[in-house]
Amino acid sequence: MRPGPTRRRFLAGLGAGVSGLALAGCARGDSTAAVEGTASFSNDNGSWDEGYALASDALRPLTGYSLRPQSVPEAIAYQLVTQMTLQTSHAPDLIKWTSGYELKKLARGEQLTDLSGLWSAYADKGWITESQRDIMQYRGAVYGIPLYESYYVVFYSPPVFARLGLRVPESWEELLHCATVLKRHGTTPFVATQAGGWPAYEWFQELISKVDPDFYTALVEGKARYTDAPAVRAMDIWHEFMRKGWTTPPDYDQGKGAAELREGRVGMFLHATWHTKNLSGADMRPLKDYDAFVLPTVTRSAKKSVITESSALAVPRRATTHEAGMASAGAWLHPNVQRAWTDYLQDGSANPTVRSSNPVVAGLRDNITKERRARLVRYSEASPPSLIQGNIQDLSAFMTGQMSPGATLRSMAERADEEWHTWRQDEA
């Protein structure tokens, strides 16, 4: 039996715990009951409450409403509790939700408000780009506004690179040279881990997109197979990195990454730019103690690309104070709000007119624009959720040596056939 859950087993497992999680998953904050002058905001990241407060201060003069965050810190509990409240007359005014297929599931169930009018108003002002639309829409209508925009890049320590005589790699050959020199001097070249589950796909998405970004798009859209040549090549590269001892152990704690990057115990850290806040929190100064680059393409002829990520800000159809939710979503990308919000995040704004205050992130966006890099959807948002969940387990098994590259891709291909068939049947 191949590893990873089937769609039915995965959903059955979630369903079995709904009652307990609903009772245990109470949000930190007030209830969703209407409170004059506020918009209740259900989310799964209480550590961002300070940022929500700063954004709220900027929203209030524009909308007449402040945000009232309600945080459920455990992701699965948050999803289950939110989906239950969406079916009641006391839904939150706003929810933070995973973009892509998780958002499409809610839209397909008619639980969200059509935000196409808000999107058009943003587009008319130049406050949003069409490249962000696909992960926020379902059957042509938009159901989410991007909460932020992150890029998957490689962080490194300029002092460590300078000490070893290394420069930022602009080609695949230069990247391999950096890894060789780092390893020779006792530094693990790359952070790669499956601890926590989801990080298992970081190198998978990155390597396939740098082999062939068009293939990556076709793969995640169910138009190519996991056993096709570009996927095989990407897995072989990853396997070779592991064989050479170029990657951290599969149970590596990413929480140690900032300190070990600074101290030279790891050389390069592939991660999203929202990680800059953690690096700065570890007393690392942007440009001086850490910087970042987009991974080079495997061949010089490959189209340049970057993996992007954004959660969605959505308005439930049965929001308790629907007007407050719509007003807040309609002002979220206003430059005043975005400056306050992204200054806190130390990350990128979905509004292309707002420049990040973090010079590393600002420099990355300049590079992405200059090089005309294709923006690709992060793997976890790009395909049906149950397919992603099972494939993450396969990738974890590969990283821990339980599956070969070929067996991993065959298992993922079989699951993709099953899950895409199910998704398309449900859509019919």
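Q: At what angle do helix 5 and helix 18 pack?
A: About 30 degrees, with their axes 12 Å apart. Helix 5 covers residues 101-108 and helix 18 covers 405-427. Helices here are DSSP runs of H or I, at least four residues, numbered from the N terminus. Axes are lines fitted to C-alpha atoms over the stretch in contact, and angles run from 0 to 180 degrees between N-to-C directions. This is a predicted model: local features need pLDDT of at least 70, side-chain atom pairs need 80 or more, and totals for chains, interfaces and linings use all residues. Residues are numbered from 1 along each chain, and side-chain values use heavy atoms, without hydrogens and water.

Q: Which residues make the contact?
A: Helix 5 brings Tyr-101, Lys-104, Lys-105 and Arg-108. Helix 18 brings Trp-420, Trp-423, Asp-426 and Glu-427. Contact means heavy atoms within 4.5 Å.

Q: How many of those are charged?
A: Five are charged, three are nonpolar and none is polar. Asp, Glu, Lys and Arg count as charged.

Q: New topic. Is helix 9 buried or exposed?
A: Ten of its ten residues, 202-211, are buried, so helix 9 is largely enclosed by the rest of the structure. Buried means under 20% relative accessible area (1.4 Å probe, protein chains only).

Q: Where is Gln-194?
A: Gln-194 sits in the loop between strand 8 (188-191) and helix 9. A strand is an E run of at least two residues. Gln-194 counts as buried at 18% relative accessibility.

Key: Buried < 20%, exposed > 50% of the residue type's maximum accessible area, 1.4 Å probe, protein only.
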